[in-house]
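Hi everyone, thanks for coming. Let me put the structure up, and then we can walk through a few spots together.

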Amino acid sequence: MLGGRRAIRSVFGALVLALAGLMPVAAETKITLFENTDLPGFDYSIVKNTDLDSCQQECSEDNICRAFTYNSRSEWCFLKGDIGDRAEFAGATSGRVSRSPTPAVTEAVRQAELPFPAQSLVDSAKGFARDLPQTDAPAPKSIYADLVASGDEEVANENYQAAMVAYRQALAINANDRAVWQALAEAALRRADVVAGQSEGDNSYDLSYVGSNAAMNAFLRSTSEDERASSLRALANAMEYREMWREVIATYRAALALVPDADVEAHLDSVVAQHGFRVTDHVVDAEAASPRICVVFSEPLGSTDLSAYVSVANAPQVSVETESEQICVEGVQYGNRYTIKLRAGLASANGEELRKDVDLSVYVPDRAPFVGFANNAYVMPAGLGGGLPITSVNAETAEVMIYRIGDRGIATAVRDGVFQGSLSQYNAEDIADRVGEQVWTGEVDLAQGDNNALTTTAIPVAEALGTLEAGAYVITARIKGEPEDDYWSDLATQWFIVTDLGVTTIAGDDGVHAFVRSLATAQPVAGADVRLVAVNNEILGEATTDADGRAVFAPGLARGTGGRAPQLLVAETEGDYAFLDLSKPAFDLTDRGVEGRPSPGPLDLFMTTERGVYRPGEVVHLTALLRDARAEAVENLPLTLEVERPDGVVASSQVMDDEGAGGYYAALPMASEAMRGSWTLRLYSDPNADALSSTTFLVEDFEPERLAFEIKPQGEGAFSATDVNLIDIAAKYLYGATAPGLSVEADAIVRPRTTLPEFPGFTFGRLDDTIETTREPLGTVGVTDDDGNAVAEVTLPEGQATTRPLEAQVLLRLVDTSGRTVERSITRPVLADGDRIGIKPVFADATGLEEGSEAQFELIVVSPEGEKVAATGLGWTLSRVETNYQWYRNGSTWQWEGITTTREIANGEADTPDGGSVTVGANVNWGLYRLRGRRAGHLVEL
């Protein structure tokens, strides 16, 4: 990189600072004179023994002159780099010079030409120029031209440090000279080239900061193509020291577009090869059922289909997939070597291209030996023979250890997060030493299958343990002969109890209801002892199940906090034992249409107004019904009504009495000057407690509708994306007459969704799908006939290609004879062009999975008609999302950019039944993961 900077030095060496030659005369100049006026300050040159006309001409012809003052007594002309405040001065004539285009216009045009977002660099350059009079003030009576000449002389002597001092002092006097800014930039960069890499005194980064500010100021003041090109070259060179490589490459290319230069082009090729769009790495995902090879690039890729730029020798069955910053080759086989060619021209998202072919030779190794347990469930039904499944890949024997935590230690294990967590060797020994015991250790011969294939072996835990005592068990496994040097790494772990007791709880205002049933017969278990255990291991309550297998605990026992909060529900019979962790999220029934509403407590109040909007001066009629928890009327209970204005001020409060059968009524007149906006009504049984219920209404100035306007699409189901959609319209005036000859206008809004209402909890489509909502006016789509009826013909706008479901909202406006419109809308899904895959996490909280636990997902296939259908060969892939950060310095701060890649950890195929779903999953460690499902070109991600 340093050598590259020295190579560019020859470009600067060809430049000679020539003030007259680099300052073009403005195309149009206008001078405004002020008699007997001085403009103090900003003098950069004095012309003696001259007259007023000559003074005007001197300033007009000097492109860095902004104003002048002529003293008729001394016959001196003071040229100024800026315009000061006017001051009365007898015998002086001052002039303000206006040029076209103005410097501000030139600066704006130049900034728009910069090939990257550069506002921070522009602001830095302007601040640098603004501060020079304070940071680099020249000695009193210093002459601008002499300082510039001194800087030129020091450059000729290769004393760049002294040249920078002279140029900066000159610019402190007058910052308008583009040539001096260019000279300062080149002097700073030449000095940086000299000191770069020195063990002491390497301040090349600070010098590049000066160089970039000077080059930017020079560029903003440039007019000719040569000037702009030279300033851009200096700016790009300065940014090399700051490692702003994307900006460097773009800026060199912009300079070459203005003025071709062989040396600069050669240097650009070198920079691109080292820091431009390129292949940075390749990785092999060899731990999933189907391996793949991924080639990682330095920048995001510009297309989702780059297969034309990738070839794999002697492997016609492979497929190529693009993912953000990587291209992955799928369909490769374990134990084979592949030759991959990436062709020149493959483009990144910002338009960069590979400049030459890239050849890779990649070997796909066999999967590493592995053992693991199948799921997170911990209840083993006693009637299934006591076999615990363990999965393995390329392993022959597993070393297995089983530990037991007694009944009184389970609450502590749950509270401390040990229960159902993965164990390291240290954690397992800690259980044996402190809270439990090791009850069995030995070896298990694993089932053998094809090389690299996943096999399952049943561990006969019931046979190994014999009589099972009350408590929780945990089994750990590792491959025999595996090194034991990693004492803290997680082992394959499975918690379990062997029981015939299935425990369920339902919590409500009336307490905790526990139900115990036989897992073998699903019949209630009567006479089971049930205990409610707190976080601090105290027993909160005990009960015995009745003939229905139910035991009830009082509501107060479930309201404890801290150590008294409920932790476990333990059920025990003679010879059997089970428990339920109450700290886990409850099973959510809201996606099954039985979510109901929050329990209202002992008093349930319904209140409503007869409509939602009123005009000032009208009366609001409030009706309320009060019921108890059994929906029976609560009579003779006074309620307090509170009326709140839109600004939050309580306007009035009154007591309402029961009108009979728990019914309440109030008439609330709105004054003519009533505040417009949303008013709130609240009813209290106790004014110092929370409101039983509330409702809102609007007070607005509005004109009531004159038309009744009803719409109904022809046919059921979704809107068609390609055909005409017919919508029946019936209109009549509210006073009973028909509404003939009225135009119907329409707008269509098509928006993407990630969910479908019929399948709550499921996600459809890719996460990175960038489709946006579109809205298109459709104009007049129908006219009502003599009966006020019409058929609107609605064609949806042409949609964008997307993996997501779409819904369309059609806004229909009936135009009254007065020109006023009445609007109605209808929203329906857009008919899909094929089946769609839906994914739903089985676990309750995506951020709450324990490390080493199994992440399970439910997959469904939905037809265009919205029905679950059977599907075979549904491919799924679970990948870990990894982000590597590249740091670079920008000005005085460090910034970073992330390169995101994915590593496959599991994949497979599944079949969904007609009207049903299939569950897939795999064990995960710490990190961010993505699940992808694919079938017949349709893709979904979560």
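Glu-243 counts as partly exposed, because its relative accessibility is 34%; for the cut-offs, buried means under 20% relative accessible area, exposed over 50%, and partly exposed in between, with a 1.4 Å probe and protein chains only. Its phi is near 55 degrees, a positive value in a residue other than glycine. Glu-243 sits in the loop between helix H9 (225–241) and helix H10 (245–258); helices (H or I, at least four residues) and strands (E, at least two) are DSSP runs, numbered from the N terminus.

A quick word on what we're looking at. This is a predicted model, where local features need pLDDT of at least 70, side-chain atom pairs count only at pLDDT 80 or more, and totals for chains, interfaces and linings use all residues. Residues are numbered from 1 along each chain as its sequence is written, and side-chain values use heavy atoms, with hydrogens and water left out.

Asn-394 also has a positive phi, near 50 degrees, and is not a glycine. You'll find Asn-394 in the loop between strand S15 (387–393) and strand S16 (397–405), and with a relative accessible area of 28% it is partly exposed.

While we're on backbone geometry: Ser-100 and Pro-101 are joined by a cis peptide bond, with omega about 0 degrees. Pro-101 lies in the loop between strand S5 (87–100) and helix H3 (103–113).

Now to the inside. Which residues touch the most other members of the largest nonpolar core? They are Leu-79, Leu-114, Tyr-144, Trp-181, Leu-184 and Met-216, out of 71 residues. Such a core is a set of buried Ala, Val, Leu, Ile, Met, Phe, Trp, Tyr and Cys residues joined through side-chain atoms within 4.5 Å. Helix H7 (residues 178–195) gives the largest share of this core, ten residues. Apart from it lies another core of 38 residues, including Ala-411 and Leu-501.

Next, the open sheet of four strands, in the order S40-S38-S42-S43 with antiparallel pairing; two strands pair if DSSP finds at least two bridges between them. Strand S40 (774–783) and strand S43 (821–829) are at the edges with a single partner strand each, so one side of each has no neighbour in the sheet. Strands S38 (residues 743–752) and S42 (residues 806–815) are joined by nine bridges, and Arg-751 has Glu-807 in S42 as its bridge partner.

That's my tour, so over to you for questions!
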